[in-house]
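Thanks for coming. I will go through one structure this morning, starting with the overall layout and then moving to a few residues.

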Amino acid sequence: MRQRKPISAGLVLITSQDNRVNYSKWNELSWRPALAAAGIVKKVSAEAETYGGRSRRYRIYELSREDMFHVLRHTYASTQLEAGESIMSVSAWLGHASPQTTLTHYAHFMPGAGRRGLAAMDEWFDQDPQPNVPEKSLASPRTQSMPRSRR
């Protein structure tokens with residue numbers, strides 16, 4: 001398996017030892033119990049597990065991808081993109097290696113992206129036909145080529 005280069009990042013959630021939180025443990029020990037307490041998921045069973053001679057009971061909850069903590073990341077990204085935030089900004093905020101990664105995962109959350117450009121062109125065409133070019137370029141080609149004395 002190929003190893004990634006280590007990176008430094010400002011973490012929002014950390015362990016008591018200032019390490020990053022393991023997402024699967026967070027889902028198991030914090031997020032799913034919170035969802036169960038709120039009545040969003042149901043506890044299915046409880047099982048015992050042994051680590052280094054110590055036994056621990058843990059709850060098994062209904063598994064649903066949409067109930068995982070990671071869905072908050074998707075909600076944040078899709079809300080930003082639907083609000084018209086730039087793909088570059090959202091990509092940087094999510095820590096993606098490139099905006100292409102963000103587009104691959106979230107482009108379907110940008111339904112109005114093409115509409116803004118079309119609306120701008122429609123507005124431009126609906127304006128009074130005021131040429132937005134320098135006056136010199138409006139002169140007829142014949143007038144421009146005539147010597148100054150004959151004009």
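Predicted model: local features only at pLDDT ≥ 70, side-chain atom pairs only at ≥ 80, totals over all residues.

Some totals next. The chain has 151 residues, and 14% of them are buried. Its accessible surface is about 12,900 Å², and carbon and sulfur atoms contribute 54% of that. Among contacts with a separation of 6 or more, 33% join residues 24 or more positions apart.

Now to a pair of helices. How do α3 and α4 pack? Helix α3 covers residues 87-94 and helix α4 covers residues 99-106; the angle between them is about 95°, and their axes are 8 Å apart. An angle from 65 to 115 degrees counts as roughly perpendicular, so α3 and α4 are roughly perpendicular to each other.

Which residues make up this meeting of α3 and α4? From α3 there are Ile87, Met88, Val90, Ser91 and Leu94, and from α4 there are Pro99, Thr102, Leu103 and Tyr106. Sorted by type, the contact of α3 with α4 has seven nonpolar residues, two polar ones and no charged ones.

Let me stay with one of these. Val90 sits in helix α3. Is Val90 buried or exposed? Its relative accessible area is 0%, and the cut-off for buried is under 20%, so Val90 is buried. Leaving aside residues up to four places away in sequence, Val90 touches Ala77, Gln80, Leu81, Glu85 and Thr102. For Gln80 there is also a distance: the C-alpha atoms of Val90 and Gln80 are 7.1 Å apart, and the two residues are ten apart along the chain.

On the α4 side, look at Thr101, which lies in that helix. Thr101 is partly exposed, at 28% relative accessibility. Thr101 and Ser91 are ten residues apart in sequence, and their C-alpha atoms are 7.7 Å apart in space.

Next, charges. Side chains of opposite charge can pair when their charged atoms come close. How many salt bridges does a search of the whole structure find? The search finds one. The partners are Lys25 and Glu28, whose closest N and O atoms are 3.7 Å apart. Both belong to helix α1, residues 23-37, and because they are three residues apart there, about one helical turn separates them. Lys25 is partly exposed, with a relative accessible area of 31%. Glu28 is also partly exposed, at 21%.

The last stop is a backbone angle. Most residues other than glycine have a negative phi. Asp18 has a positive one, near 65°, and is not a glycine. Where is Asp18? Asp18 is in the segment before α1. At 57% relative accessibility, Asp18 counts as exposed.

To recap the stops: a roughly perpendicular pair, α3 and α4; a buried residue, Val90; a salt bridge between Lys25 and Glu28; and a positive phi at Asp18. That is all I have.

How values were computed:
Residues numbered from 1 in each chain as written. Heavy atoms only, no water. Buried < 20%, exposed > 50% of the residue type's maximum accessible area, 1.4 Å probe, protein only. Contact = heavy atoms within 4.5 Å. Areas by Shrake-Rupley, 256 points an atom, 1.4 Å probe, with all protein chains shown as cover. Axes fitted to C-alpha atoms, helices over the stretch in contact; angles between N-to-C directions. Helix = DSSP H or I, 4+ residues; strand = E, 2+ residues; numbered from the N terminus. Parallel < 35°, antiparallel > 145°, perpendicular 65-115°, else oblique. Nonpolar A, V, L, I, M, F, W, Y, C, P; charged D, E, K, R; others polar. Salt bridge = Lys/Arg side-chain N within 4 Å of Asp/Glu carboxyl O.
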